[in-house]
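These are my notes on a few local features that I looked up, one entry per topic.

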Amino acid sequence: FSEQIKTGNHQWRSKVFKKAIQNGLLGLAFCGLVSSAVAQSYPNKTITIVVPFPPGGTTDVLARAIANKLGPALGQSVIVDNKPGASGNIGTQQVAAAEPDGYTLLLGFDGTMVINPHVFPKTGFDTLKDFAPIGKIGDAVLILVAHPNFPAKSLKEVIALSKAEKGGLSYGTSGTGGTPHIAGELLRQRTGANLVHVPYKGGGQAMTDVLGGNIPLVYTAIAGAIPHVKSGKLLPIAVSSSKRANALPDVATFIENGVADFEANSWVGLLAPIKTPRSIILQINQELNAILNDPEVKEKLNGMGITASPGSAENFAAEINRDFVKYGSVVKAAGIKAE
């Protein structure tokens, strides 16, 4: 056929190319019609939200709270599927490879989406190329806490003591490369504090050790610290949000403690595989925002230390891009690598 095109007359070649172009355009039009039909009939079956962490934790509870409201809003069942492993990389990779039809969604976290790619040599997904952000759910505030007998009672005293101690001050987190670890490194880089990271296999173990006085400081999500701070079993040093946390309004921020522009929240949101029809993204975003504005949902999230943050898909995408660059520079400067 290619030889015929080379040797045939100009008129015949023109007809061949014209026909090929027409067929190509018809093919594109057909694909467009199929995509449009899929979007218009959405949803007509069960939707799955993949959580890349084990069941029973805060992330699992959050996903189910959203799923329970999103299902009735969309008129279809929305189930949660836990796919743990490799610090969230396994479940996230599975969603990246899923059909872009709106029936497989990801509960995405900053740790997995914008930190892991800089910490792990391979994650199996490209955050900026493989996903279509749907909407941010909220910000989980981070907090630095100490054992009540710890001699430093303020951030200024913590920094001064860390510089005075020959080996520095140890702070525990849920693990290497997690958002609390990155926040601790950011604090060290911004203030010059001599802080030594101690990674645990989960935030629960770190919390147990600081409660027992085995480690002086722990950087963690506020949800796990709230009851211990309120009971006086832990001393709050500062929270990483730009404004004081609703759950602990008496605890000052790092900014109020003199660390300018210091904000290191752990965000969570919904994402879909790239090429998911735009109309589906907007439909889910609209329903998600309505859910996040529900007083009952707001109260439930507040109890988990999460501030509901409804907004557009574009704003969520912009935040992901900003944090990808921001945390990438912190990881590089600190030389953090997955263990």
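**Entry 1: the surroundings of T220**

I listed the contacts of T220 and, leaving out residues up to four places away in sequence, found that it touches V141, L142, I143, P180, M207 and A225. I note here that the model is a predicted one. I then looked up the place of T220, which is in strand β8, residues 217–221. Is T220 buried or exposed? I read a relative accessible area of 11% for T220; buried means under 20%, so T220 counts as buried.

**Entry 2: helix α13**

I checked the length of α13, residues 313–334. At 1.5 Å a residue, its 22 residues should span 32 Å, and I found the end C-alpha atoms 31 Å apart, which agrees.

I next asked which residues of α13 are buried. They are A313, F316, E319, I320, D323, F324, Y327, G328, V330 and V331. Seen down the axis of α13, these buried residues fall within an arc of 165°, so I record them as lining one face of the helix. The face turned away from that buried side carries the exposed residues N315, R322, V325, K332 and A333.

I also looked up what covers the buried residues of α13; the cover includes α5 (110–119), α6 (127–130), β4 (131–140), α8, β10 (266–273) and α11. After α13 comes G335, for which I noted a positive phi, near 65°.

**Entry 3: α8 against α13**

I took up α8, residues 179–191, as one of the elements in that cover. How do the axes of α8 and α13 cross? They come within 10 Å and cross at roughly 70°, which makes α8 roughly perpendicular to α13.

On the α8 side, I found the contact to be made by I182, E185, L186, R188 and Q189. On the α13 side, K326, Y327, V330, V331, A333 and A334 take part. Sorted by class, I have 7 nonpolar, 1 polar and 3 charged residues in this contact.

**Entry 4: helix α11**

I list I280, I281, I284, N285, L288, N289, I291 and L292 as the buried residues of α11. Viewed down the axis of α11, they fall within an arc of 160°, so they line one face of the helix.

Terms used:
Residues are numbered from 1 along each chain as its sequence is written. This is a predicted model: local features need pLDDT of at least 70, side-chain atom pairs count only at pLDDT 80 or more; totals for chains, interfaces and linings use all residues. Side-chain values use heavy atoms; hydrogens and water are left out. Buried means under 20% relative accessible area, exposed over 50%, partly exposed in between (1.4 Å probe, protein chains only). Helices (H or I, at least four residues) and strands (E, at least two) are DSSP runs, numbered from the N terminus. The arc is that of the directions from the helix axis to the C-beta atoms. Axes are lines fitted to C-alpha atoms, for helices over the stretch in contact, and angles run from 0 to 180 degrees between N-to-C directions. Angles under 35 degrees count as roughly parallel, over 145 as roughly antiparallel, 65 to 115 as roughly perpendicular and the rest as oblique. Contact means heavy atoms within 4.5 Å. Ala, Val, Leu, Ile, Met, Phe, Trp, Tyr, Cys and Pro count as nonpolar, Asp, Glu, Lys and Arg as charged, and the others, Gly among them, as polar. The expected span of a helix is 1.5 Å times one less than its number of residues.
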